[in-house]
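Trainee: Could you walk me through this one, strand by strand and then into the open space?

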Amino acid sequence: MISTGDIKKGVIIELDGQLMRVLDWTHIKMARGSAQVRMKMQNVRKGDITERTFQAGTRWPRARVDQRKVQYLYTDGDSFHFMDVETYDQFAVSAVQLGDDARYLKEGLEVFVSSHETEVLGVDLPVTVDLRVAATEPGFAGDTATGARKAATLETGLVVQVPLFVNEGDMLRIDPRNGEYQTRIQ
């Protein structure tokens with residue numbers, strides 16, 4: 001069992017017979033009355049996002065989610081193919097299950113896949129992903145007193161805001177949690 005005090009982002013709980021991933025939560029203390037926790041949750045199977053408020057101390061069953069290390073191989077239409085690094089078993093995950101995480105996948109990337117009773121729920125990306133710049137406009141230094149930015153399209157189709165000195169072909173380190181540029185890799 002997991003209570004409102006143990007909730008954090010990414011935790012999967014069973015709520016009303018559905019698997020729900022906690023996207024965000026806020027602890028609210030009222031002047032009169034008991035504390036409440038407002039949670040923004042996503043249905044793992046359907047992708048629906050809901051917000052609900054619970055009394056502090058509410059408990060739910062924690063979903064039994066297994067994780068294993070896999071390597072991303074290739075994409076085939078709406079299917080993304082992975083290989084278990086221990087057993088070499090290959091399996092496919094739909095683009096709907098991956099959601100926005102699919103924009104950070106490149107061939108050979110090792111990730112962790114989450115599953116519940118043999119059903120694949122999604123992937124957990126590393127903290128940073130290294131991607132090459134496929135297209136960007138040249139940056140010209142001008143009257144910029146602060147850090148000016150420009151758009152860059154990466155090899156996976158992801159578009160991020162980068163500093164003006166970034167050029168096509170540069171390798172960049174991106175944070176998949178917020179989709180932001182971290183640094184350029186030499």
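Trainee: How many bridges join strand 7 to strand 10?

Mentor: Happy to start there: this is a predicted model, where local features need pLDDT of at least 70, side-chain atom pairs count only at pLDDT 80 or more, and totals for chains, interfaces and linings use all residues. Residues are numbered from 1 along each chain as its sequence is written, and side-chain values use heavy atoms, without hydrogens and water. Strands (E, at least two residues) are DSSP runs numbered from the N terminus, and two of them pair if DSSP finds at least two bridges between them. Strand 7 (residues 66-76) and strand 10 run antiparallel, and the bridges joining them number six.

Trainee: What is the strand order of the open sheet?

Mentor: The sheet has five strands with antiparallel pairing. Its edge strands, each pairing on one side only, are strand 9 (90-94) and strand 11. The order is 9-8-7-10-11.

Trainee: Which element gives the largest share of the lining of the largest pocket?

Mentor: A pocket is an open set of points on a 1 Å grid over the protein atoms alone, where a 1.4 Å probe fits, with protein on both sides within 12 Å along at least five of seven lines; lining residues have an atom within 4 Å of a point. Of the 27 lining residues, those closest to the centre include R21 and V123. The largest share, six residues, comes from strand 11.

Notes. Helix = DSSP H or I, 4+ residues; strand = E, 2+ residues; numbered from the N terminus.
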